[in-house]
Number of protein chains: 2
Amino acid sequence: MVFHLRMEFQLHPRLAAGGFELGRADGCRVLLKNQASFPWILIVPELADGIEDLHQLDEGRFAEVVGLVRRVSLFVADYFRPEKLNVGCIGNMVRQMHIHVVGRHSDDPAWPGTVWAYEGKSAYAPEAVEEIRVAAREYLGLE
Amino acid sequence: MVFHLRMEFQLHPRLAAGGFELGRADGCRVLLKNQASFPWILIVPELADGIEDLHQLDEGRFAEVVGLVRRVSLFVADYFRPEKLNVGCIGNMVRQMHIHVVGRHSDDPAWPGTVWAYEGKSAYAPEAVEEIRVAAREYLGLE
C-alpha cells in the first residue's frame, strides 16, 4: 500500500499550473493548455520517473500513447478546424513526458513560427474551457 | 505508365537542399539535416500531395510511419547519445509532411529552446555525413 502510494503518478506542477485537466484516456492525462491563441492539447502519459522520451516506451505502450496522439489530433482537427497541426514531444524544460497537439492558422500570432518560441499569453474564459472540456470528453471518451 | 510517372513522389526542394538523403525505409525517405550542431534526422513519408498531418494517414500507414519514428529515435539515442530527444511534425513552412527527430544536449547552442527557433548554421564535413550514413543504413536497414 505504501509502495502503491509512492508509485502514484503526479502531474508535474508546471504542467498542472499551465493548463486545465480535461480527463484521462489510455493511461494518459489530457490537458488543455491555458493559451487561448491556439487550440493546444497536452497528452501526459502516466509514467514512472526517468522515462522522458517516446522511444523509451516499450512497443505496446508506445502504440497506445501515439494512438491517443492520433485521436487527439483528429479531435483538434474536427472541433477547431485549424489549417495545420503541430505535434511535438520536446520536454527540454519540463522533463515529465508530454506531447503537444496544437492547431495552427496562418493568421495566428505565432505563424509561421512554432508555438514554443511564442511568448504571448492569452488566458481562457472559464466558460470556454468548459465548452472544450465537454466536447473533448465526448469525442475522446475521457474518464 | 504516364500515370505512374505523374504520381511519383518528389522530395520537396527545400527538404532536399537542406539535408542529405541517407536512404529509404517503410515508404519514407530518411534525411540528415545539414546542421552539425545537432544530430537531426528528417523522416519524409512518400505521400500524395494534400496529406500534411499525421492524423490524415489511415491507421495502418500511421502505425508504419510512427514505427519508423521510433526506430530512428532509437538510432539517434544509441548512436549520438543525446540527453534528450525532440520529436516533432510541424510543417508550417514546408507543407510536405516531415517528422523531425533531434538529439539534444544541455550544452548545445539552442538549449533549452527548440531547434526550430534557432538560426545558427553549421554545415557537416562530407566525411562526417558518410560516417553517419553508413551507421544509419546499417542500424535502420535502409534501402
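User: Which residues is I43(B) in contact with, leaving aside its neighbours within four places in sequence?

Analyst: In this predicted model, I43(B) is in contact with C28(B), V30(B), L68(B), V69(B), V72(B), H98(B), I99(B) and V101(B).

User: Which residues touch the most other members of the largest nonpolar core?

Analyst: They are I43(A) and I43(B), in a core of 68 residues. As a general point, nonpolar side chains in soluble globular proteins tend to be buried together.

User: Let us move to chain A. Which strand is I43(A) in, and which way does I43(A) point?

Analyst: I43(A) belongs to β3(A) and points one way together with I41(A) and P45(A), while W40(A), L42(A) and V44(A) point the other way. In a regular strand the side chains alternate between the two faces of the sheet.

User: What joins β3(A) to β2 of chain A?

Analyst: Five bridges join β3(A) to β2, residues 28-33 of chain A, and the two strands run antiparallel. V30(A) has I43(A) as its bridge partner in β3(A). The two strands form a hairpin with six residues between them.

User: And how many bridges join β3(A) to β5 of chain A?

Analyst: Four bridges join β3(A) to β5, residues 99-104 of chain A, and this pair also runs antiparallel. Here I43(A) stands opposite I99(A).

User: What is the overall pattern of chain A along the sequence?

Analyst: Chain A has four helices and five strands, and the pattern is α-α-β-β-β-α-β-β-α. Its radius of gyration is 15 Å, close to the 15 Å that the globule rule gives for 143 residues, so chain A is as compact as a globular protein of that length. The C-alpha trace of chain A spans about 50 × 30 × 25 Å along its principal axes.

User: Now the interface. How many residues of chain B are in contact with chain A?

Analyst: On chain B, 27 residues are in contact with 27 residues of chain A. The elements of chain B that give two or more residues to this side are α3 (59-80) and β4 (84-89). The residues on this side of chain B divide into 14 nonpolar, eight polar and five charged.

User: In which sense do β4 of chain A and β4(B) pair?

Analyst: They pair in the antiparallel sense over three bridges. C89(A) has V87(B) as its bridge partner in β4(B).

User: Changing topic, what happens in the hairpin of β1(B) and β2(B)?

Analyst: Strands β1 (residues 19-25) and β2 (residues 28-33) of chain B pair in the antiparallel sense over six bridges. R24(B) stands opposite R29(B). There are two residues between the strands, and D26(B) takes a positive phi near 50 degrees.

User: Is A125(B) buried or exposed?

Analyst: A125(B) is exposed, with 9 other C-beta atoms within 10 Å. This residue lies in the loop between β5 (99-104) and α4 (126-140) of chain B.

User: What confidence does the predictor give?

Analyst: Chain A averages a pLDDT of 95, and 95% of the residues score at least 70. For the complex, the predictor gives an ipTM of 0.94 and a pTM of 0.95.

Terms used
Residues are numbered from 1 along each chain as its sequence is written. Chains are lettered from A and ligands numbered from 1 in the order in which they are written. This is a predicted model: local features need pLDDT of at least 70, side-chain atom pairs count only at pLDDT 80 or more; totals for chains, interfaces and linings use all residues. A nonpolar core is a set of buried Ala, Val, Leu, Ile, Met, Phe, Trp, Tyr and Cys residues joined through C-beta atoms within 7 Å. A residue is buried if 20 or more other C-beta atoms lie within 10 Å of its own, exposed if 12 or fewer, and partly exposed in between; C-beta atoms are placed from the backbone. Two residues are in contact if their C-beta atoms, placed from the backbone, lie within 7 Å. Ala, Val, Leu, Ile, Met, Phe, Trp, Tyr, Cys and Pro count as nonpolar, Asp, Glu, Lys and Arg as charged, and the others, Gly among them, as polar. Two strands pair if DSSP finds at least two bridges between them. The radius of gyration is taken over C-alpha atoms; the globule rule is 2.2 Å times the number of residues to the power 0.38. pLDDT is the predictor's confidence in each residue, from 0 to 100.
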